[in-house]
Amino acid sequence: MRLLFLLLTLLFSTLLSATPAPDFTVTTSDGQVRKLYQDYVNQQKVVVIEFFFVACPPCAAHAPYWQSLYQSMLATYPGKVEFLLLTVQNNDTNVKVAQYLASKGLTMPGAGSDGGSIAAMQPYLTGQFGAFNGTPTFMIVSPGTGEVIFNIHGNSPTETMTLISQKISTLTPELCSIKSPFGLPLANVQIAIDAPAFDTTITASGTYSLWNIPALKNTAYTLAATKAGPAITGVSTFDLVLISKHILNIELFTQAW
């Protein structure tokens, strides 16, 4: 009987975590129409949502930390993350939400009841994604899949924001760039990866990411990049003139490369 209960519990937990977020469309207090999947999920963006209401004291207490996290995530993952506030109160119109955002110094979009927030948050009151314990409630919708990470909370506003930041980092692998001295992406670069228990070589063009290699997590490793091809590739007649001037000590190169 205990084994059956455990299996049912695990199955229920799996169903909760695997259920994608229902799509919604809201009109935010700045007059913009925003669609969850079309504008964010399908664009491979992480969506972080706060359920709140204008007169909620804990929401106000979280506001400066929420704004600080928003600015940090925009800078760390440009174009990959969006924050959104949805009120849970019918009397919180878009006008009141706009006033709330301004009074708290919040720069992310928010939607009032007349903007569709009530309908958008309704599925999360049913227990389908986990217990709704009041406001503020923070959740994340994963890019691409729409998978919901519901009710992220710590013992303090700072701890809650840290947990949200950690979740975002797992969903937004950072891309490393391979560029020329002029900032142009380089194609077909061989990158040798050397770790204590793992060695491999990958081919990258412009960008690459190592986030999905389990053997490189929580360990130090080195990278060595090489690019094959004739040494004369990319050298123009004007470059030859500059090389001549350097050799003749007329106009020296100033860059090490």
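1. A pocket, as the word is used here, is an open set of grid points with protein on both sides within 12 Å along at least five of seven lines. In this predicted model, the largest pocket has a volume of about 520 Å³. Among the 13 residues that line the largest pocket, Phe182, Val235, Asp239, Phe253 and Trp257 are the closest to its centre. By class, the lining comprises 7 nonpolar, 5 polar and 1 charged residues.

2. The sheet may be considered next. Five strands form an open sheet with mixed pairing, in the order S5-S4-S3-S6-S7. Strand S5 (110-111) and strand S7 (148-149) stand at the edges with a single partner strand each, so one side of each lacks a neighbour in the sheet. Within the sheet, S3 and S6 pair in the antiparallel sense over 5 bridges, and valine 48 stands opposite isoleucine 140 in S6.

3. Nonpolar side chains tend to be buried together in soluble globular proteins. Here the largest nonpolar core has 26 residues, and Val48, Trp66, Phe83, Ile164 and Ile168 have the most contacts inside it. Several elements each supply at least two residues of this core, including strand S3 (46-52), strand S4 (81-87), helix H4 (94-104) and helix H6 (157-171). Helix H3 gives the most to this core, with 6 residues.

4. Leaving aside residues up to four places away in sequence, tryptophan 66 touches several residues, among them Val48, Phe83, Leu106, Phe138, Met161 and Ile164. A second, separate core has 21 residues, including Tyr37, Met121, Tyr124 and Met139.

Methods:
Residues numbered from 1 in each chain as written. Predicted model: local features only at pLDDT ≥ 70, side-chain atom pairs only at ≥ 80, totals over all residues. Heavy atoms only, no water. Core = buried A, V, L, I, M, F, W, Y, C linked by side-chain atoms within 4.5 Å. Buried < 20%, exposed > 50% of the residue type's maximum accessible area, 1.4 Å probe, protein only. Helix = DSSP H or I, 4+ residues; strand = E, 2+ residues; numbered from the N terminus. Contact = heavy atoms within 4.5 Å. 1 Å grid on protein atoms, 1.4 Å probe; cavity = no way out; pocket = protein on both sides within 12 Å on 5 of 7 lines; lining within 4 Å. Points joined across faces, edges and corners; volume = space filled by probe spheres on them. Nonpolar A, V, L, I, M, F, W, Y, C, P; charged D, E, K, R; others polar. Pairing = 2+ DSSP bridges.
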